[in-house]
Amino acid sequence: MDTSITLTVDGRRHDVVVDTRTTLLDALRERLAVTSAKKGCDHGQCGSCTVLLEGRRHLTCLTLAVAHDGDEIVTAAGVSALEGGAGDDAPTSLHPLQEAFLAHDGLQCGYCTPGQVCSAIGMLDEAKQGHPSHVTDDLEESVDPADLDDDEVRERMSGNLCRCGAYGGIVDAIREVAGGAPREGQPDRPAQPEREAAR
Amino acid sequence: MTVQQARPVPNRAVGIASERVDGREKVTGLATYAAEHRDLQLDDPLHAWMVTSTIARGRVLRVDASAALALPGVERVLDHENAPRAASTDDRELAVLQDDRVGFRGQIVALVLAETPEAAREGARLVSVHYDAEPATVTLDAAGEDDFYAPEQVNAGHETDLEQGDVEAGLAGAAVRVEGRYSTPAEHNSPMEPHAATARWDGSVLTMYDSTQAVHAVAATLAPILGLEQSQLRVLAPYVGGGFGSKGLPHAPEVAAAMAAMAVEGRPVKLVVTRQQMFALTGYRPETISHVRIGAEPDGRIVALEHAAIGGTSRIKEYAEQTATAARMMYAGEHRRTTHRVAALDVAVPSWMRAPGEMPGMFALEVALDELAEACGVDPVDLRVRNEPELDPETGNPYNDRRLVECLQRGAERFGWADRPTSPQAIVDGDWWVGTGVASATYPTLWMPGNTARITADEDGRYGVAIGAVDIGTGARTVLAQIAADALDVDVASIDLAIGDTDLPAATVAGGSAGTGSWGTAIVQAAQQFRADHGDTPDPGVQTTGTAESYPDSVGHALHSFGATFAEVRVHRWTGELRVTRLLGVYSVGRVINPTTARSQFLGGLIMGLSGALFEESVRDSRFGHVVTQDLATYHVASHADVRGLEVDWLDEEDHLATPMGSRGVGEIGIVGTAAAIANAAHHATGVRVRDLPLTADLFLDVPPLP
Ligand code: FES
Ligand code: FES
């Protein structure tokens with residue numbers, strides 16, 4: 001059965017006809033051609049389809065589009081317009097977290113990456129609101145994103161799988177943007193110094 | 001002047017850490033993968049959904065599609081009776097919907113084409129397939145002794161068996177002997193982007209966006225099946241969401257997508273393999289069992305070594321993992337025997353998964369080495385140093401530049417190996433045992449002939465560089481521009497690289513850790529020919545195409561990369577939970593072209609090794625023949641929380657015997673030896689010797705205290 005709903009995606013309003021069986025992910029990808037949200041499993045097991053739904057990170061494969069009539073969605077293609085982002089929707093502008101992903105090479109194939117980006121932004125906001133995680137010691141104490149250590153970030157990001165194994169760079173990127181201390185432990189071999197391009 | 005062979009290139013851009021050039025498209029999600037294209041008249045596709053067999057062996061009696069076809073939105077249902085006929089059915093994996101035979105559970109038996117994904121999926125559910133099931137053998141345990149045979153050769157063209165000296169005599173006369181049975185389970189590549197294709201047939205050309213590691217190989221393989229000339233297939237893969245080998249060869253879903261497109265001429269067809277279907281239709285690493293016997297002098301020097309590997313393959317298409325080949329070249333020793341036997345099972349077709357052969361084989365060998373070190377009372381690092389061969393034991397050739405010992409020594413120093421207590425169960429920290437372990441890593445340096453690159457002079461001193469290579473996340477798009485810049489002696493910013501399209505000059509697979517080296521050689525050769533033809537100030541528009549048929553400097557040498565992996569683990573004394581707290585890999589891989597992307601490749605390999613050590617296991621149902629753990633909730637891959645304390649390092653070197661850039665491959669070596677280092681560390685922590693992957697918590701319950 002078809003039904004018509006309205007979705008706002010990355011600041012643009014869409015009236016879209018969906019099947020009542022259409023997931024929010026398929027509404028984005030197949031009906032609106034918004035493919036920034038990726039499909040890795042279609043079963044809530046990988047995190048690739050994560051977007052910010054009404055401001056919170058959400059798996060779009062696990063919810064039906066008809067349940068979100070009127071909702072606002074921000075994908076990784078639109079996060080630069082969020083608070084902290086560059087504020088315009090030119091394709092060249094990036095959210096600081098995206099810049100940090102690039103700087104730390106927190107990606108390889110890029111397929112999990114939009115989901116990681118949205119998840120990280122949502123996660124930092126949860127921390128700001130004081131949400132504890134499974135590894136938070138003191139549930140009473142308020143959490144500050146800047147205080148999240150590696151274990152906290154890893155725990156909170158574990159719903160987003162990366163088969164390429166870009167986890168180290170992703171955690172570095174998130175901690176840099178969260179304003180926390182640099183990662184504990186020995187740093188990996190630093191990148192080789194830029195050799196003079198003597199020419 | 002004709003440039004017959006690429007000459008070494010001085011490194012300027014090569015060796016510099018630089019950001020991934022396609023990173024912006026990826027962090028925004030604007031990069032488009034195989035199921036996301038709307039150009040080339042691929043918008044408004046029919047959605048294809050595969051119906052797969054529910055028996056492991058037998059015949060399809062009847063496909064009843066009436067209910068599916070009655071569903072609004074369902075346009076066609078293809079089965080073995082009405083699907084387009086293939087021109088060739090020699091490859092049984094790719095003979096999709098050509099006859100009634102079922103060779104494994106999960107095989108494609110029908111294909112539903114519908115206007116929406118919802119209708120396609122519901123339609124697939126409504127197709128009822130009637131079978132005549134036959135008895136099937138689906139596990140190695142169920143195979144009889146007679147079922148194991150010697151394949152003609154094993155994967156990558158290696159000899160099945162190799163015997164040097166007299167192994168039995170060597171073992172009999174050895175002062176110290178260790179012997180063990182080691183196993184690795186079936187594992188699935190599980191790239192995050194499911195295999196997918198969007199295809200359209202216009203009556204003369206089939207255009208297909210495919211999630212593949214090799215666009216030209218897809219065209220070359222599919223053309224004879226579809227009865228087309230290769231020039232009638234255009235395959236594009238601008239972005240690919242990982243593959244790790246599973247997208248190295250075309251599999252049945254690509255054939256299904258192409259056939260469906262040809263059945264509905266003019267209308268594009270989009271086929272996305274579901275995550276569950278990927279466990280039957282897109283290849284996997286088969287289960288391996290290794291029997292390793294080592295005889296050594298009291299000081300640990302190996303006299304005799306046997307590695308006898310067995311494994312499973314599919315009855316419909318043989319794939320024999322080259323599990324024992326690393327034992328041929330890794331360590332010294334006079335007497336040596338390596339063998340491979342496989343049993344043909346009624347199971348899905350196995351294929352390449354990151355470091356086929358080396359990954360399971362080096363797990364067995366490197367745990368066995370740890371056992372030998374223990375038996376001889378020799379430090380595991382020293383043991384490996386003592387067994388350094390002068391020449392490659394397999395061929396008698398000198399190595400290109402074997403620097404395993406340096407990797408071990410640098411790693412040992414960086415890891416703090418010297419402080420390690422010699423006996424197991426020596427470190428307890430609260431509820432945790434702590435231990436460390438080491439393993440060697442190796443990967444052959446492969447070089448693939450036949451790559452062609454085209455160099456074009458553009459306006460303003462810019463150069464177009466075109467080759468049908470594919471970037472599956474390795475960083476090829478970034479590093480090939482660096483290579484081209486050096487070869488043309490210009491800035492990287494002046495290079496416009498085009499890849500991922502069969503309309504570009506032919507390229508080999510992004511696999512075997514050979515992509516960058518092989519493609520790069522072709523780019524260097526074409527660039528040198530271009531300069532010879534057109535000089536340093538070419539007129540805009542001139543171009544040169546060069547094909548690298550050989551890189552003869554490699555002849556007469558045993559070309560390999562080496563590495564050393566060090567692991568620290570903690571094993572919970574009461575629950576058996578195992579955590580890897582530190583993992584260090586030190587590698588010798590020739591010139592590292594881009595430290596940023598290479599480092600990510602090493603880290604990715606280490607993480608996949610860790611994942612294989614602790615989690616990955618495709619459990620096959622012994623009654624029905626399918627993989628039970630067929631999703632990402634039950635087939636565990638390492639997540640953020642599983643990965644900590646990772647470090648990588650590499651030796652500064654150049655290897656012009658391998659490539660004109662001085663580089664060797666980096667994609668696979670990180671996974672090799674990693675599981676062994678972790679298993680060896682777990683033994684050091686607990687005294688429990690685990691010879692079977694993965695290392696699950698139950699193996700560390702009720703650990704007896706050591707005397
Ligand atoms: S696609 Fe939604 S969690 Fe995997
Ligand atoms: S970057 Fe490839 S899956 Fe994460």
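This is a predicted model: local features need pLDDT of at least 70, side-chain atom pairs count only at pLDDT 80 or more; totals for chains, interfaces and linings use all residues.
**Where the chains meet**

Let's begin with the contact between the two chains. On one side are 64 residues of chain A, and they are in contact with 83 residues of chain B. Together the two chains bury about 5800 Å², and carbon and sulfur atoms account for 49% of that area. The interface also holds eight salt bridges, and 31 residue pairs are in polar contact across it, with both partners at pLDDT 80 or more.

Which elements of chain A give two or more residues to the side that touches chain B? They are helices H1 (24–31), H2 (96–103), H3 (113–128), H4 (150–156) and H5 (167–178) of chain A. The largest share comes from H2(A), with five residues. By residue type, this side of chain A divides into 25 nonpolar, 19 polar and 20 charged residues.

H1(A) is mostly covered, with seven of its eight residues buried. A:Leu24, A:Leu25, A:Asp26, A:Ala27, A:Leu28, A:Arg29 and A:Glu30 are the buried ones. After this helix comes A:Ala33, which has a positive phi near 60°.

H2(A) has its own buried residues: A:Leu97, A:Gln98, A:Ala100, A:Phe101 and A:Leu102. Their cover includes H3 and H5 of chain A as well as helix H1 (23–28) of chain B. Just past H2(A) sits A:Asp105, with a positive phi of about 50°. The side chain of A:Asp105 also forms a salt bridge with that of B:Arg20, at 2.8 Å from N to O.

**The nonpolar cores**

The largest nonpolar core has 136 residues, and B:Leu578 and B:Ile678 touch the most other members. Helix H9 (residues 358–376) of chain B gives the most to this core, 11 residues. Apart from neighbours within four places in sequence, B:Leu578 is in contact with B:Val569, B:Arg570, B:Val571, B:Leu614, B:Ile678, B:Ala682, B:Leu695 and B:Phe700. There is also a second, separate core of 94 residues, with B:Val9, B:Ala48, B:Leu281 and B:Ile467 among them.

**Two loop residues of chain B**

B:Glu321 lies in the loop between strand S15 (302–314) and helix H8 (326–329) of chain B. Is B:Glu321 buried or exposed? It counts as buried because its relative accessible area is 6%, and the cut-off for buried is under 20%. The B:Glu321 side chain has a polar contact with the side chain of B:Tyr319 at 3.1 Å. A polar atom of the B:Glu321 side chain also lies 2.7 Å from the backbone nitrogen of B:Gly357. Setting aside neighbours within four places in sequence, the contacts of B:Glu321 include B:Val154, B:Arg285, B:His340, B:Ser351 and B:Pro360.

B:Ser513 is another loop residue, between strand S21 (495–498) and helix H13 (515–534) of chain B. B:Ser513 is buried too, since its relative accessible area is 16%. Beyond neighbours within four places in sequence, B:Ser513 is in contact with B:Tyr443, B:Gly665, B:Val666, B:Gly667 and B:Glu668.

For quick reference, here are the distances that involve the side chains discussed above.

| Pair | Kind | Distance |
|---|---|---|
| B:Arg20 and A:Asp105 | salt bridge, N to O | 2.8 Å |
| B:Glu321 and B:Tyr319 | polar contact, side chain to side chain | 3.1 Å |
| B:Glu321 and B:Gly357 | polar atom of the side chain to backbone nitrogen | 2.7 Å |

Conventions: Residues are numbered from 1 along each chain as its sequence is written. Chains are lettered from A and ligands numbered from 1 in the order in which they are written. Side-chain values use heavy atoms; hydrogens and water are left out. Contact means heavy atoms within 4.5 Å. Buried area is the accessible area (1.4 Å probe) that two parts lose on being put together, summed over both. A salt bridge is a side-chain nitrogen of Lys or Arg within 4 Å of a carboxyl oxygen of Asp or Glu. A polar contact is a pair of N or O atoms within 3.5 Å; within protein, one must be able to donate a hydrogen and the other to accept it, and residues adjacent in sequence count only if both atoms are side-chain atoms. Helices (H or I, at least four residues) and strands (E, at least two) are DSSP runs, numbered from the N terminus. Ala, Val, Leu, Ile, Met, Phe, Trp, Tyr, Cys and Pro count as nonpolar, Asp, Glu, Lys and Arg as charged, and the others, Gly among them, as polar. A nonpolar core is a set of buried Ala, Val, Leu, Ile, Met, Phe, Trp, Tyr and Cys residues joined through side-chain atoms within 4.5 Å. Buried means under 20% relative accessible area, exposed over 50%, partly exposed in between (1.4 Å probe, protein chains only).
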